[in-house]
Amino acid sequence: MLTADGATDCLIIFTRYPTPGKTKTRLIPALGEAGAAALQRQMTEHTLGRAQVCQQQRSLAIEICFTGATQAAMTTWLGPQWAYQSQGTGSLGDRLEQAFHRAEKVGYSRTVVIGIDCPALEAAHLNQAFEQLGDRDVVLGPAADGGYYLIGLKRPVAALFQSIAWGTETVLNQTVAAAEAAALSIAYLEVLKDVDYPRDLAVWEAVRDAC
């Protein structure tokens, strides 16, 4: 769980414990249950590595917001140096809103939330997101499939997480519409590709092979 540590910025990473048959299920036809779980593990570790680079460049607290396991299992996997928090229950919107509220309660002035499905996400994108929150209310990292791979806020805004058709190609447009209706200023990062389906595996392979 997040604690006050002198940092002004907070990065929250949403992920799932890599249990075969329980994660990356849309990739099971191509990879099998064990292969899909291995990809979940690899992409989580890859994303956390990018977060570590960002942490070396700015005052940044990192929380791993997990599901599918106990905190003890997560700590055994990724190490004791991170703050861990269960995602809790409810829709993705409910869980995102709760994450922003936790960060606000601790006292962070800028909070960014990401998943682990976008392997091209770099520390530079994270730094850009925090910088853009200096004079914008919301920052969004659009995904090529119509969702977003990153959302950043200076304060929780419930309207951004309600009545959103999660998992569809309308997520980004609905979120933008909600932000505009609330008179919030928006900044955008570049469009990146998620890895959700077998056809997307080449995106991961290209990033993996370049490392």
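In this predicted model, the largest cavity holds about 30 Å³ of space. By the rule applied, the count comes to 1 cavity of 30 Å³ or more. Its lining is formed by Phe 100, Glu 104, Tyr 108, Thr 111, Leu 153, Lys 154, Arg 155 and Pro 156. By class, 4 of these lining residues are nonpolar, 1 is polar and 3 are charged.

The largest pocket contains about 1,200 Å³ of space. Its lining comprises 39 residues. Nearest the centre of the pocket lie Arg 26, Leu 92, Asp 117, Asp 194 and Asp 196. Four named elements, β1 (9-16), α3 (92-106), β4 (110-114) and β6 (148-153), each give two or more residues to this lining. Strand β6 gives the most, with 4 residues. The lining of the pocket divides into 16 nonpolar, 10 polar and 13 charged residues.

Helix α5 spans residues 171-181. Its buried residues are Val 171, Leu 172, Thr 175, Val 176, Ala 178 and Ala 179. Viewed down the axis of α5, these residues fall within an arc of 160°, so they line one face of the helix. On the other side of α5, the exposed residues are Asn 173, Glu 180 and Ala 181. The cover over the buried residues of α5 includes strands β5 (138-142), β6 and β7 (186-188). After α5 comes Ala 183, with a positive phi near 60°.

A further site is found in helix α1, which covers residues 28-57 and includes Gly 49. The relative accessible area of Gly 49 is 19%. Residues under 20% are classed as buried, so Gly 49 counts as buried.

Key. Residues numbered from 1 in each chain as written. Predicted model: local features only at pLDDT ≥ 70, side-chain atom pairs only at ≥ 80, totals over all residues. Heavy atoms only, no water. 1 Å grid on protein atoms, 1.4 Å probe; cavity = no way out; pocket = protein on both sides within 12 Å on 5 of 7 lines; lining within 4 Å. Points joined across faces, edges and corners; volume = space filled by probe spheres on them. Nonpolar A, V, L, I, M, F, W, Y, C, P; charged D, E, K, R; others polar. Buried < 20%, exposed > 50% of the residue type's maximum accessible area, 1.4 Å probe, protein only. Arc of directions from axis to C-beta. Contact = heavy atoms within 4.5 Å.
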